[in-house]
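Subject: Handover of a structure

Hello,

Here is the structure I promised to pass on. Please look through it before reading my notes.

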Amino acid sequence: MSSEIVPPAIYFRVWAALLILLGLTTVLAYIPMGWFNAFLSVTIAFAKAMIIVLFFMHVRYKGRLVRVFVCAGVFWLAILFTLTLGDYFTRSWLPAPTVWLR
Amino acid sequence: MARPVEHQFDDFEQQHEAAYQGMWIFLATEVLFFGAVIFAYTLYRGIYYRAFLEGSHDLSVLMGGINTGVLLCSSLCMALAVHAAQRGRINQLIVFLLATAVIGSVFLGIKGMEYYSHYKDHKVPGLNFFDSGDEPQHVELFMIFYFVLTGMHAVHMLIGLGMLLILALLAARGKFSAAYYDPVDIGGLYWHFVDVVWVFLFPLLYLVDRAAK
């Protein structure tokens, strides 16, 4: 079996980093920064997810094909978010034509 | 005892890659499964922001935070279990699998305590929801998202627990070795994925503009 063996020391470091990020996201949530709070917490969540996927889930040690599959799921999700939110949050930009209602 | 390579594969390496790849395809569908609900949540959070903020502030950051930490610890255990399998240390593998299951159960226990406190606070939609604020139906919508997301996650955890116990049983029966441990590796992927989902749920549900108010 040639699957790469990751030394446990790396797992412990990854785990510590995740706990630090958890503390960080919790503390930062209580500092008033307006919309930046939500942005920060989601960014940290993505960072944590990346660390888990790359190290705990071994994607860092695998070939490119695996990365394509990993990115595919996120890519379709990105389509869902961009297109639908693009619709909802730009609806108020243009006034609705009332002339049709007459 | 040692399993031969299935006839459609050249060697263990290829068989392992196929299993690993296939699991990622499944996980991609899981991303969309949770992603769709998270998307709907994002949309309504944008529309009914005040109500979602109020709803989120009724949740306990302490319990949610502890649960996130608990889940991260279980992921560490799972990673160590896979490592033990790779080294062919079967006893260690069984111990780590069971430890992961125990820590996972702690998560579900804390989650259950949270659910019970929502029940006591009359915050369960469809059962006893009551809110004295300006827009109770929108706070209720937040709680619906909360229960759907955490509930789906908890179901995944239950499936994961069953999986861990079966893996431990198979390991005890000598089904795994340093050459063949694909089910442990694949099970690990599943467990870590469930962890990743919670990593997103925690800030989205518990930390909605905590600085406000």
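First, the ground rules. This is a predicted model, in which local features need pLDDT of at least 70 and side-chain atom pairs count only at pLDDT 80 or more, while totals for chains, interfaces and linings use all residues. Residues are numbered from 1 along each chain as its sequence is written, and chains are lettered from A and ligands numbered from 1 in the order in which they are written.

Chain A

Chain A has 3 helices and 0 strands. Helices (H or I, at least four residues) and strands (E, at least two) are DSSP runs, numbered from the N terminus. The order from the N terminus is α-α-α. Chain A is more spread out than a compact globule, because its radius of gyration is 21 Å, well over the 13 Å that the globule rule gives for 102 residues. That radius is taken over C-alpha atoms, and the rule is 2.2 Å times the number of residues to the power 0.38. Along the principal axes, the C-alpha atoms of chain A fill a box of roughly 75 × 40 × 10 Å. Of its 102 residues, 21% count as buried (20 or more other C-beta atoms within 10 Å of a residue's own, with C-beta atoms placed from the backbone).

Where the chains meet

The contact takes 42 residues from chain A and 39 residues from chain B. Two residues are in contact if their C-beta atoms, placed from the backbone, lie within 7 Å. On the chain A side, helices H1 (8-29), H2 (35-56) and H3 (64-88) each give two or more residues. H3(A) gives the most, with 14 residues. By class, this side has 33 nonpolar, 8 polar and 1 charged residues. Here Ala, Val, Leu, Ile, Met, Phe, Trp, Tyr, Cys and Pro count as nonpolar, Asp, Glu, Lys and Arg as charged, and the others, Gly among them, as polar.

Inside chain B

Helix H2 (residues 49-57) of chain B has buried residues, including Ala51(B), Phe52(B) and Gly55(B). The buried residues of H2(B) pack against H1 (12-47), H5 (136-172) and H6 (182-206) of chain B.

The axes of H4(B) (residues 90-120) and H5(B) come within 9 Å and cross at roughly 160°. Axes are lines fitted to C-alpha atoms, for helices over the stretch in contact, and angles run from 0 to 180 degrees between N-to-C directions. That makes H4(B) roughly antiparallel to H5(B) (angles over 145 degrees).

Best wishes

How values were computed. A residue is buried if 20 or more other C-beta atoms lie within 10 Å of its own, exposed if 12 or fewer, and partly exposed in between; C-beta atoms are placed from the backbone. Angles under 35 degrees count as roughly parallel, over 145 as roughly antiparallel, 65 to 115 as roughly perpendicular and the rest as oblique.
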